[in-house]
Amino acid sequence: LLEHLANWYWVNAADGKTTLTVVRPCYVVGEHFDNSGLQTMLAKSVVYPQPSRSFYQFLWDGDLVGAYATVLTHNLGGLYNVAPADQTSVPEICSITGARLVPGPLRLLKPGADLLFRLRLSPFSGHWVTLGDPLLDSGLLQSTTDWRPSMSSAAALQKYLTTRPGKGLS
């Protein structure tokens with residue numbers, strides 16, 4: 001919704017006096033950031049559609065703060081993706097977390113998630129059963145400024161898993 005409003009503003013209402021910036025991060029992880037969506041991939045078993053074709057990008061929360069600070073100090077306007085250059089596949093995520101990966105067909109997993117959600121046995125509906133996240137390219141921010149993520153996607157995930165208080169790997 002926010003991006004639609006920003007696009008409308010840039011096309012219809014831009015007066016030249018106001019700078020509007022949208023920062024679009026990938027999956028943010030960190031010691032100050034917990035993500036309920038990530039919790040499903042931290043289970044002992046993960047059922048996932050086409051896992052070898054599904055990817056996520058993980059960004060350390062401090063890197064997001066750095067990106068915001070960079071955008072503000074450079075007085076940038078526009079839309080900026082914020083993500084590491086690499087991505088982490090679902091099989092790699094399960095390897096890092098020690099989860100057992102069970103591939104399943106998307107056409108069955110979506111209605112299955114809807115049913116479990118309606119029965120209050122799952123925290124998410126079939127709406128969230130996807131083939132990973134869209135991969136972001138932060139090339140514009142990096143070519144415009146000196147901002148760079150401090151670590152790779154997999155390293156951010158690994159650091160997140162070790163810094164979660166009392167919630168290390170099972």
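The largest pocket has a volume of about 920 Å³, a volume being the space filled by probe spheres set on grid points joined across faces, edges and corners. A pocket here is an open set of points on a 1 Å grid over the protein atoms alone, where a 1.4 Å probe fits, with protein on both sides within 12 Å along at least five of seven lines; lining residues have an atom within 4 Å of a point. The model is predicted: local features need pLDDT of at least 70 and side-chain atom pairs pLDDT 80 or more, while totals for linings use all residues. Residues are numbered from 1 along each chain, and side-chain values use heavy atoms, without hydrogens and water.

The lining comprises 32 residues, and Gly37, Thr40, Tyr56, Trp128 and Val129 lie nearest the pocket centre. By class, 19 lining residues are nonpolar, eleven polar and two charged. Strand E3 supplies the largest share, five residues. The elements below each supply at least two residues of this lining.

| Element | Residues |
|---|---|
| Strand E1 | 21–25 |
| Helix H2 | 36–39 |
| Strand E3 | 45–49 |
| Helix H5 | 106–118 |

Elsewhere, the axes of helices H4 (residues 90–97) and H7 (residues 153–163) come within 11 Å and cross at roughly 30°. H4 is therefore roughly parallel to H7 (an angle under 35 degrees). Glu92, Ile93, Ile96 and Thr97 of H4 meet Ala154, Leu157, Gln158 and Leu161 of H7, with contact meaning heavy atoms within 4.5 Å. These contact residues divide into five nonpolar, two polar and one charged.

Technical notes:
Axes fitted to C-alpha atoms, helices over the stretch in contact; angles between N-to-C directions. Helix = DSSP H or I, 4+ residues; strand = E, 2+ residues; numbered from the N terminus. Parallel < 35°, antiparallel > 145°, perpendicular 65-115°, else oblique. Nonpolar A, V, L, I, M, F, W, Y, C, P; charged D, E, K, R; others polar.
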